[in-house]
Protein chains: 4
Amino acid sequence: MMEFRCALMEIETKLNVLNSEFALTHNRNPIQTIKTRLKQPVSILEKLHRKELEVNIFNVEEYLADIAGVRVICSFPEDIYTVADLLLHQDDIRMLEIKDYIKKPKESGYRSLHLIVEVPIFLSEGKKPRKVEIQFRTIAMDFWASLEHQLRYKKHLENAEEISRELRDCADKITSLDYRMQELRGKIEYAD
Amino acid sequence: MMEFRCALMEIETKLNVLNSEFALTHNRNPIQTIKTRLKQPVSILEKLHRKELEVNIFNVEEYLADIAGVRVICSFPEDIYTVADLLLHQDDIRMLEIKDYIKKPKESGYRSLHLIVEVPIFLSEGKKPRKVEIQFRTIAMDFWASLEHQLRYKKHLENAEEISRELRDCADKITSLDYRMQELRGKIEYAD
Amino acid sequence: MMEFRCALMEIETKLNVLNSEFALTHNRNPIQTIKTRLKQPVSILEKLHRKELEVNIFNVEEYLADIAGVRVICSFPEDIYTVADLLLHQDDIRMLEIKDYIKKPKESGYRSLHLIVEVPIFLSEGKKPRKVEIQFRTIAMDFWASLEHQLRYKKHLENAEEISRELRDCADKITSLDYRMQELRGKIEYAD
Amino acid sequence: MMEFRCALMEIETKLNVLNSEFALTHNRNPIQTIKTRLKQPVSILEKLHRKELEVNIFNVEEYLADIAGVRVICSFPEDIYTVADLLLHQDDIRMLEIKDYIKKPKESGYRSLHLIVEVPIFLSEGKKPRKVEIQFRTIAMDFWASLEHQLRYKKHLENAEEISRELRDCADKITSLDYRMQELRGKIEYAD
């Protein structure tokens, strides 16, 4: 687990560096907040079990890609692609997987850009690559996702379908507002 | 300035205590983030000048209420009133002023609940009351306000009126989404 | 436990306020670091058991005074008494107990000033007093204590007595250095 | 300056990773605290002036090695060499200079291990090496240095020579205590 915690620190530093540079050249921060989380040992066991895999280090490192997770909350949709791009172009980052739930939202209305990358961590015996899952979202997408997340943990919801439909509709409205605000920012920023 | 910095610490602690208690009884945090800021000496001088007041400690303490500022970002509109209410009921807090720009938004579309309160700080010679301005907003109101803030610093904007109109329209849409999300949360939370 | 966590926040804020004020008037920070800790539920159970008390909230609140603990690391011995004094003079702090292991070190050589105080926390239903244990030490006393702490968890130490003797001797040397450095600081500070 | 701030973040992450790994394998943290500082623009100008260099970016990058500074406070003297060694063995770190004021203390009694290294920062246009000065000290050396630092800013000290002599003597006593405590830790740690 220590190695995954270190991988989170490396990714967080890379994102903070990019954010600082961007702030200097563009006079605003594309990243609002960075949250990191490590999967709990009990959830790791559950997931291995669900995948019918034996419990050992090899299977954890090979088949579970989301032990170390970073959530990057950006101001505007375009910031997501700018930051993700800059990160993926760094020569010590290897991209393993990309799932763009912004271009292709989930059935529920969920929007987010998911990357799985490998980043080297510098241990006493040398460099070692470690997997990290990175989720990029706007502030509004994140707010929506935290509400939708609550829904999934409620089991006996009478009007579940109606709520799902409403959530999906809110997700669409939120998205269109995100893009309108982005357009407005463009007009304000480049006007003079 | 030290005394105002201390007043910020006292208010921040009070808000963190309320947030912790609420998290325990309601299983969620009403407060997302707390940001504090101290007015820069140069801005204090400017403001005294604008108000045609002499530069002295008395005038600063008497006529400037926003030297110490706290911004409280809540998840939902109702959280704003819950937290503000709990704070104002504490027996060492004295409310000096309240401006509810949520119930009565500014012309621009700006929404926020502004309080000016007095809080005692415990210095070596005893208690001393100090003024703090507290702004309560939802995440969405805060996002909108940060964009609108940029606009005010642009001087020569050709299409300023169109942008203002669009911003006002976005503010309305954001508000209605805030309340829809709040209603949805109610349905999810109390369903079972 | 939430209430004790809140009591820690209140005490920490009070100490930070005193530190800020002192920094302004004396141009240096008497407090180097503040560490807080909450007793783990399992340790609370163990302690109730050891004291042959039933497990209930009343006994926890009445008989355990060290659930919420604050460690205040000061630069010099005199800072300890200055800060402790200022804290105890605040009108909402009630002192319940004081043990001065600096004036009367433990057999082991352990030095620290221990206070048990009651501080009000502002919950939604009003103020409620909560107990907090505060330990004041110099940097050097703290360093010594962390080494001595390791010793107590070693069971089968062949040369335990010799090590204890050496530790005691180091504690004396550390103390005399603390006071020499304090005297030197006095000479430097008040010289011109 | 942004680039130097980023270099500080990279070094801090590397140190935190090494500390985490060490904590896991040895069950204790060799690093107590890490402090970073950026030289103020006004101090940079002063230093260029003192060195009779023109004020331009090239001279700053070429001749000033201490714009970005990291101070690493370790528990024991041997931790200093362990951590410094692990850092210098990383394949993206280039050592430019080493000054061991622990083995060869300054005339004043000052002890510290100073490294100047180059670390790559990952900017949007690619990697770029940046210089960072790292000072390693024990807690006790750091405490001593902060007192001695005050002395150097006092100009008209009557008994300056006497104070210097006393400080030098304290430095020697502190060093011998550091090594005694280290030896004791060895006995406690490896005893059973």
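In this predicted model, helix α1 (residues 2-26) of chain A and helix α4 (residues 77-88) of chain A have axes that come within 11 Å and cross at roughly 120°. The crossing of α1(A) and α4(A) is, moreover, right-handed. On the side of α1(A) the contact is made by A:Lys14, A:Leu15, A:Leu18 and A:Phe22, and on the side of α4(A) by A:Thr82, A:Val83, A:Leu86 and A:Leu87. Sorted by class, the residues of this contact of α1(A) with α4(A) are 6 nonpolar, 1 polar and 1 charged.

Applied to chain C, it gives an angle of about 120° for helix α1 (residues 2-26) of chain C and helix α4 (residues 77-88) of chain C, with the axes 11 Å apart. The helices α1(C) and α4(C) are therefore oblique to each other, and their crossing is right-handed. Here C:Lys14, C:Leu15, C:Leu18 and C:Phe22 of α1(C) make the contact with C:Thr82, C:Val83, C:Leu86 and C:Leu87 of α4(C), a set of residues that divides into 6 nonpolar, 1 polar and 1 charged.

In chain D, the axes of helix α1 (residues 2-26) and helix α4 (residues 77-88) come within 11 Å and cross at roughly 120°, and α1(D) and α4(D) are therefore oblique to each other. Their crossing is right-handed, and the residues that meet are D:Lys14, D:Leu15, D:Leu18 and D:Phe22 in α1(D) and D:Thr82, D:Val83, D:Leu86 and D:Leu87 in α4(D). The contact of α1(D) with α4(D) has 6 nonpolar, 1 polar and 1 charged residues.

To place these helices in a whole chain, consider chain A, whose secondary structure comes to 6 helices and 5 strands. Followed along the sequence, the elements of chain A come in the pattern α-β-α-α-β-α-β-β-β-α-α, and the C-alpha trace of chain A spans about 55 × 50 × 20 Å along its principal axes.

The next topic is the arrangement of the chains. In general, two copies of a chain are related by a rotation about an axis and a shift along it. Chain B can be laid on chain A by a turn of 180° and a shift of 0.0 Å along the axis, with an RMSD of 0.1 Å. Among the residues of chain B, B:Ala140 comes closest to the rotation axis, its C-alpha lying at 3.6 Å. In the contact between these two chains, 32 residues of chain B face 32 residues of chain A, and the two chains bury about 3,200 Å² between them, 71% of it on carbon and sulfur atoms. Of the area that chain B buries against chain A, B:Phe143, B:Met181 and B:Ile188 supply 22%, more than any other three residues. Because 100% of the interface residues of chain B are also interface residues in chain A, the copies meet through the same surface.

Chain C, in turn, can be laid on chain B with an RMSD of 0.0 Å by a turn of 180° and a shift of 0.1 Å along the axis, which is the relation of a two-fold axis. In chain C the C-alpha nearest that axis belongs to C:Thr13, 3.5 Å from it. Between these chains, 21 residues of chain C are in contact with 21 residues of chain B, and about 2,000 Å² is buried, 67% of it on carbon and sulfur atoms. The residues of chain C that lose the most area to chain B are C:Val17, C:Glu21 and C:Phe122, together 30% of what that side buries. Here too the copies meet through the same surface, because 100% of the interface residues of chain C are also interface residues in chain B.

Which chains do not touch chain A or chain B? Chain A and chain C do not touch, and their nearest C-alpha atoms are 19 Å apart; chain B and chain D likewise do not touch, with their nearest C-alpha atoms 19 Å apart.

Conventions. Residues numbered from 1 in each chain as written. Chains lettered and ligands numbered in written order. Predicted model: local features only at pLDDT ≥ 70, side-chain atom pairs only at ≥ 80, totals over all residues. Heavy atoms only, no water. Axes fitted to C-alpha atoms, helices over the stretch in contact; angles between N-to-C directions. Helix = DSSP H or I, 4+ residues; strand = E, 2+ residues; numbered from the N terminus. Left-handed = near helix turned anticlockwise from the far one by under 90°. Contact = heavy atoms within 4.5 Å. Nonpolar A, V, L, I, M, F, W, Y, C, P; charged D, E, K, R; others polar. Least-squares fit on C-alpha atoms with pLDDT ≥ 70 in both. Buried area = accessible area lost by both parts, 1.4 Å probe. Parallel < 35°, antiparallel > 145°, perpendicular 65-115°, else oblique.
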